[in-house]
Amino acid sequence: MVVSLRLPSLTSLFSPITTTTTTANSLRRRSPAFIRRSRSYRFQSQQPPPPPLAARFSSSQGTAAAETASEEQRVDSNAKSRVNPDRDRVITPRSQDFNAWYLDVIANAELADYGPVRGTMVIRPYGYAIWEAIQEYLNVRFKETGHSNMYFPQFIPYSFIEKEASHVEGFSPELALVTIGGGKELEEKLVVRPTSETMVNHMFTQWIHSYRDLPLMVNQWVNVTRWEHRTKPFVRTLEFLWQEGHTAHATPEEAENEAMQMINVYTKFAYEQAAIPVIVGRKSRVETFAGASITYTIEAMMGDRKALQAGTSHNLGQNFSRAFETQFTDENGQRQHVWQTSWAISTRFVGGIIMTHGDDAGLMLPPRVAPIQVVIIPIWKKDDDKVGVLNAASSVKEVLQTAGVKVKLDDTDQRTPGWKFNFWEMKGVPLRIEIGPRDVSSGSVVISRRDIPGKQGKVFGISMEPSSLEAYVKDKLDEIQSALLEQATSFRDSNIVDVSSYDELKVAISQGKWARGPWSASDEDELKVKEETGATLRCFPFEQPQGNKTCLMTGNPAEEVAIFAKSY
């Protein structure tokens, strides 16, 4: 089928596409700040430059698309004159330009590349492996809590979207529409899935008839299309991957318990697997998902102190079931509308891991989501030493693999050990094992931690004896996991300011911090804060201080504190 996409009021998104030979630095094309560097982390590359790239992401910190076309050409020209693509991989220091650093890490760590359509990305194997680690954990949790995986079509009749008023209002600016199929105008235009509540309800209406059919709890792992004006790899792209859960229940209490259960699953994942200390809470009315009664969220602080909405769980009430007449006959023979939830985590969590833990050297991955937990680097100078070193390295690899450790042996001889050290450090591998001729003779290895740079993180003389080595490596991986969470928690807590007035809130936001204070003001006041400070109300945290509170905006009594922050 030949498909034609017609996009409402989106002509400003398109700009001429030029083909040019680029390097990994092509990810940084939206701002002249990308080429201003006082110092950089680099190592010698022995790889050929990547093939030409056609599409571009726009920086979330850049100017509008129409204003950046000439800037891109100038930045590309300057970058080419400064960098030899055959020799250098450059990572901008985080403190110098956080956005440029982020894009550099994605390029150099080979996490993603540009798709041919502007605003899309190709997730490369290493980046997809992180997403697979997220999938593997969550799939187990979903099934443990009674959910089954299935699949719904990505093409949705436009009339479905129109049935729920707030839903269509919330999503209309982001919709991609199909109007031609098989060379013919379609009788009804189709929406390329932005989310699946409408399609799910259409099917639930056919499957649910009696209270015996409830609860109905499903999940799907799919792609989603939302036509974003400004894009950022993993964080905001035209198409992304996610899981979306959908459930139907007989009572409002069951639906509320389900929504809370799933936000708790996400919270547990964030803390225990991704080592991200999220703040869990309830969204304001302004920020609630279009069509939901209540939205619960986990909010994460990134390395630049911006907030990232990392996962959401929605109590949909009966909003969609009434729009689609999704009903069941209860135990008393009465027809009732079902109560529903939906909940999702997407590939933006990969971006969250990068921005929470990375440093000037590149990625820093928590061991539980790392595609490679240990890399082994054999070192030799003389050919006479090579066989013995490689045999020892292979034995160490086999010991760790048997113990369930994700291990990589880099035994290529086209690159120097120093190059390999820098390369795998940049890719965020938690532990590095070095084995040379002396280590073979002594029956030991050298182990370095990614989270502790330099000599301080290096330990000599670790025994190769299988049980000792296995115990040491697993212990260190656990230490790294805990250390990353502790470091991220300390950073988060030191950048949240308690405020009691709007002036104090404005000062905190201007300093790049999160502001936490009592709030009972109106939706209009909340929008005023966004307009004047650029910050949004991220959530009303579940953890609330005791005692009487006074709204920071109005001076009226307040029952809760809220958190405001600038966000992605």
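User: In this predicted model, how many residues of the lining of the largest pocket are nonpolar, polar and charged?

Analyst: Rolling a probe the size of a water molecule over the atoms shows where empty space is left. In this structure, the lining of the largest pocket divides into 15 nonpolar, 18 polar and 16 charged residues.

User: How much space lies in the largest pocket, and which residues are the closest to its centre?

Analyst: The largest pocket holds about 1,500 Å³ of space. Its lining has 49 residues, and those closest to the centre are Glu 174, Arg 226, Arg 236, Glu 287 and Gln 309. Two or more lining residues come from each of helix H5 (165-171), E11, strand E14 (307-317), strand E17 (339-346), H15 and strand E25 (536-541).

User: Where is the place of Arg 226, and does it count as buried or exposed?

Analyst: Arg 226 sits in the loop between strand E10 (216-225) and strand E11 (239-249). Its relative accessibility is 15%, so Arg 226 counts as buried. Ser 172 is 54 residues away from Arg 226 along the chain, yet their C-alpha atoms are separated by 9.7 Å.

User: How do the strands order themselves in the open sheet?

Analyst: Strands of a sheet pair through backbone hydrogen bonds, either parallel or antiparallel. Here the open sheet has 11 strands with mixed pairing, in the order E6-E10-E11-E17-E14-E13-E12-E25-E28-E24-E23. Strand E6 (148-149) and E23 are the edge strands, each pairing on one side only.

User: In what sense do E23 and E24 pair?

Analyst: The pairing of E23 and E24 is parallel, over 3 bridges. Ile 496 has Trp 514 in E24 as its bridge partner.

User: Which residues of helix H14 are buried, and why do they line one face?

Analyst: An α-helix has 3.6 residues a turn, so residues three or four places apart point the same way. In H14 (residues 502-510), the buried residues are Tyr 502, Leu 505, Ala 508 and Ile 509. Seen down the axis of H14, these fall within an arc of 120 degrees, so they line one face of the helix. Asp 503 and Ser 510 are exposed, on the face turned away from the buried side.

User: What do the buried residues of H14 pack against?

Analyst: They pack against strand E23 (496-498), strand E24 (514-518), helix H15 (523-533) and strand E28 (561-565). Just after H14, Gly 512 takes a positive phi of about 80 degrees.

Notes. Residues numbered from 1 in each chain as written. Predicted model: local features only at pLDDT ≥ 70, side-chain atom pairs only at ≥ 80, totals over all residues. Heavy atoms only, no water. Buried < 20%, exposed > 50% of the residue type's maximum accessible area, 1.4 Å probe, protein only. Helix = DSSP H or I, 4+ residues; strand = E, 2+ residues; numbered from the N terminus. Arc of directions from axis to C-beta. Contact = heavy atoms within 4.5 Å. 1 Å grid on protein atoms, 1.4 Å probe; cavity = no way out; pocket = protein on both sides within 12 Å on 5 of 7 lines; lining within 4 Å. Points joined across faces, edges and corners; volume = space filled by probe spheres on them. Nonpolar A, V, L, I, M, F, W, Y, C, P; charged D, E, K, R; others polar. Pairing = 2+ DSSP bridges.
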